[in-house]
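Hi,

Here is the structure I promised to pass on. Have a look at it first, and then read my notes below.

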Amino acid sequence: MAVNILKDTYKSKVVEVTLGTDDKALKIGGESTLPFLHFEGEMPNKYVLVLEVFDMEQDDWPDNLKAAYADVMNDPVAWAKKCVEYGANMVALRLASVHPDNKDASPEEAAATAKAVADAINVPLLVVGCGVEEKDAAVLEKVAEALAGKNCLLGNATSENYKAITAAAMVHGHNVVSQSPLDINLAKQVNILMTEMGLPTERIVMDTLSGAVGYGIEYAYSIMERARLGTLMGDRMLSMPIIAYVGQETWKAKESKASVEEFPEWGDQVKRSILWEVVTAAALAQAGASIFVLRHPESLKQLKVHLDKLYESNAY
Amino acid sequence: MGLTGLDIFKQLPKTNCKECGQPTCLAFAMQIAAGKAGLDQCPHVSDAAKEALESASAPPVALVKIGTGDKEIQLGNETVLFRHDKRFEHPTAITISVCDTDDNIAGKVQEINKLVFDRVGMTFSVNMVAVCNCSGDADKFAAAVKTAQENTEYPLALMTEDVAAMEKALEIAGAKKPLIYAATAANYEAMTELAKKYECPLAVKGADLNELAELSEKVTALGWKQLILDSGAREVNKVLADQTQIRRQAINKRFRPFGYPTITFVTNDDPVQAVLDASVYIAKYAAIVVLNTADPADILPLITLRLNIYTDPQKPIAVEAKLYEVGEPGPDAPVFITTNFSLTYFCVAGDVEAARIPAYILPVDTDGTSVLTAWAAGKLTPESIYELMQKTGIEEKVNHKKLILPGGVAVLSGKLNEISGWEVLVGPRESAGIPSFLKQRWS
């Protein structure tokens with residue numbers, strides 16, 4: 001008995017965004033189907049795997065994560081090069097030092113670091129502020145200027161500070177991460193505000209925020225699914241590629257950090273911590289994320305194998 | 001598609017008598033459409049209407065049960081492709097396989113029994129043990145099934161395509177309603193007879209979707225409808241496509257041969273890739289996922305992901321709003337305020353535990369919403385906090401008058417101090433900061 005394969009037809013697709021310039025350029029987005037359903041649409045561009053670099057040493061990381069960056073943790077340039085060696089398609093520079101509770105570094109200092117990192121690597125750069133909205137606006141303005149013409153990705157613009165970041169990105173030729181707190185309507189609203197300033201949709205990547213497995217991933221999962229469904233139905237203001245900051249969430253989970261002595265029923269910490277990162281990423285890939293910001297190089301390696309398999313056609 | 005509330009409403013008596021617990025017949029119809037009420041709650045509905053509604057509202061995916069007693073597994077009854085459309089009903093049954101060639105079957109089964117985890121105050125575990133006839137020997141298989149049954153309470157899946165071996169195994173385990181795996185094009189008549197004889201659920205395995213649909217129809221024509229579907233796909237990209245098709249055909253097209261729960265197998269040799277494949281199957285419609293690892297580090301993330309994906313999006317998980325003790329707090333112990341959203345409560349409880357200082361936690365009843373959500377909705381207020389303090393008698397438990405408030409709602413501190421008379425300390429924004437906060441501010 002021949003089964004009639006059910007293929008849904010969609011009106012629209014995910015916007016294509018280009019990051020970096022010349023031979024460094026990465027193209028993302030463009031999907032005209034639900035994730036990995038090659039039998040009814042296209043996924044023309046590959047996923048992007050990103051590793052994080054901090055501009056100051058991270059003391060509270062578990063040993064197996066520190067070990068991966070042991071000799072480079074106090075040198076962002078060397079650290080970024082290491083990430084590229086580990087196979088990252090893009091490097092995320094986190095400007096933790098500008099946080100008022102850390103070093104409260106100046107926008108100029110941060111911009112100099114970003115410039116040094118960008119010049120040292122041959123992959124596109126994502127620059128992320130410290131999360132204090134006001135400070136990030138000031139810092140990312142300077143960073144945008146220092147990296148003019150490099151077509152970087154700047155994050156994260158929220159409904160509070162999008163104006164300065166969007167303007168800087170437009171003047172200096174960058175792309176922006178629009179961030180919203182786990183709400184499809186707020187996500188759409190920030191995108192509208194940014195495009196109303198004149199930033200094309202092809203220059204926006206969306207962060208709807210996510211939790212790790214066990215820490216609210218189901219909310220992010222459903223919002224990403226709704227964004228992709230909305231996109232396919234023709235909603236332009238939800239159709240930007242989705243970035244998932246996976247590492248930042250999973251490495252603060254107890255399941256990634258706690259030793260086997262503390263929780264003997266949970267098994268080996270090293271194995272568990274990698275699985276926490278990759279399972280979170282794999283679940284979000286099913287929901288529609290295509291840029292994954294990770295921390296551990298082993299997670300990157302494993303996720304690449306998994307996603308490569310899912311990119312193989314399953315057309316009937 | 002299921003029936004809409006209006007379709008159901010047309011068949012109701014329209015008395016608005018409220019005996020069903022709903023204010024009007026229309027409201028009752030909406031509840032039935034949402035799967036939250038049953039037609040039998042209406043005492044006045046006519047038999048003709050009952051019949052019309054029951055046949056039209058037969059679930060698109062049949063409910064299938066495996067095993068008996070406490071550990072019985074229920075699968076199927078799913079109605080949506082996306083959890084945000086309503087909810088996913090019956091969590092994926094995580095199944096661990098053992099081979100009949102294994103030297104220590106009892107030992108491996110006991111390892112499987114230990115895969116029980118505490119999450120958000122409830123325990124979650126794997127659900128089934130699959131015994132495979134790797135040896136091809138019927139007696140060896142029967143012996144393995146016997147050993148497995150003697151060592152676990154979980155239902156079994158009996159895995160052999162050899163009818164004679166299945167018959168021997170069912171003589172031992174048939175009374176406990178194991179899953180018979182599997183009926184194929186070659187053996188389905190005999191396997192169906194066995195399933196009917198022992199009244200056990202039967203897995204149907206096709207080489208692809210076409211053969212699966214054909215076999216499913218043939219088996220139901222023989223009079224057995226407790227089925228589990230296996231499309232034969234084993235690579236993750238192909239399994240994803242098949243799982244999507246089976247669920248879509250059943251729900252959107254009411255294609256009866258696919259109106260049953262599915263079984264998937266993780267065959268990846270790499271242990272990390274195996275877990276990743278399983279996580280895809282949990283997210284994408286598999287009713288059963290079979291793995292061959294009993295390492296808790298592999299199973300914990302999968303059990304957690306399953307809990308998350310199958311959480312009802314409309315109903316946050318909440319803990320009871322009462323006084324909780326971490327360790328054995330004395331009269332000098334710190335008192336933490338938080339909300340009764342289980343994710344919030346267990347983050348706080350976990351981090352207070354990590355500080356290794358006995359303490360009290362008061363989760364205010366905010367209908368299971370998080371601190372900031374509850375604050376924004378006016379459910380976490382100085383009044384609601386003070387009310388819980390009085391209700392729980394915390395004043396008699398401690399000899400100080402100090403409260404620790406989440407850093408995110410520092411603005412509540414002044415008013416709370418005013419109405420309660422307690423000194424309000426503003427804690428860290430993230431509960432991960434509790435251990436260092438206690439070190440610095442609580443001696």
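Before the aromatic part, one rule: rings of Phe, Tyr and Trp (its six-membered ring) are a pair if their centres lie within 6.5 Å, and planes over 60 degrees apart make the pair edge-to-face. Also keep in mind that this is a predicted model.

By that rule, there are 16 aromatic pairs over all chains. One of them is A:Phe36 with A:Tyr311, an edge-to-face pair with 5.7 Å centre to centre and 75 degrees between the planes. A:Phe36 sits in the loop between strand 2 (26-28) and strand 3 (48-54) of chain A, while A:Tyr311 belongs to helix 11 (residues 297-311) of chain A, so this pair ties together parts that are 275 residues apart in sequence.

Now the sheet in chain A. Its eight strands form an open sheet in the order 8-7-6-5-4-3-10-9, and the pairing is parallel. Strand 8 (204-207) and strand 9 (243-245) of chain A are at the edges with a single partner strand each, so one side of each has no neighbour in the sheet. From one strand to the next, the twist averages 25 degrees. At the strand 8 end, strand 7 (residues 175-179) of chain A pairs with strand 8 of chain A over four bridges, in the parallel sense. There, A:Ser178 stands opposite A:Met206.

Chain A also has a helix pair to look at. The axes of helix 2 (residues 76-85) and helix 3 (residues 107-120) of chain A come within 9 Å and cross at roughly 35 degrees, and the crossing is right-handed. Helix 2 of chain A brings A:Pro76, A:Val77, A:Ala80 and A:Lys81 to the contact, where they meet A:Thr113, A:Ala116, A:Val117 and A:Ala120 of helix 3 of chain A. By class, that contact has six nonpolar, one polar and one charged residues.

On to chain B. An open sheet of eight strands is found here too, in the order 10-9-8-7-6-3-12-11 with parallel pairing. Its edge strands are strand 10 (227-230) and strand 11 (263-265) of chain B, each pairing on one side only. Strand 11 of chain B pairs with strand 12 (residues 288-291) of chain B over three bridges, and B:Phe265 stands opposite B:Val290. Helix 11 (residues 296-309) of chain B packs on the sheet, touching strand 3 (93-99) and strand 12 of chain B.

Last one: strand 16 (residues 402-405) and strand 17 (residues 423-426) of chain B run parallel, joined by four bridges. The chain gets from strand 16 to strand 17 of chain B through helix 16 (residues 413-420) of chain B, in a right-handed β-α-β crossover.

Cheers

Conventions. Residues numbered from 1 in each chain as written. Chains lettered and ligands numbered in written order. Predicted model: local features only at pLDDT ≥ 70, side-chain atom pairs only at ≥ 80, totals over all residues. Heavy atoms only, no water. Pairing = 2+ DSSP bridges. Helix = DSSP H or I, 4+ residues; strand = E, 2+ residues; numbered from the N terminus. Right-handed = clockwise from strand over helix to strand, strands pointing away. Axes fitted to C-alpha atoms, helices over the stretch in contact; angles between N-to-C directions. Left-handed = near helix turned anticlockwise from the far one by under 90°. Contact = heavy atoms within 4.5 Å. Nonpolar A, V, L, I, M, F, W, Y, C, P; charged D, E, K, R; others polar. Phe/Tyr/Trp six-rings, centres within 6.5 Å; stacked < 30°, edge-to-face > 60°.
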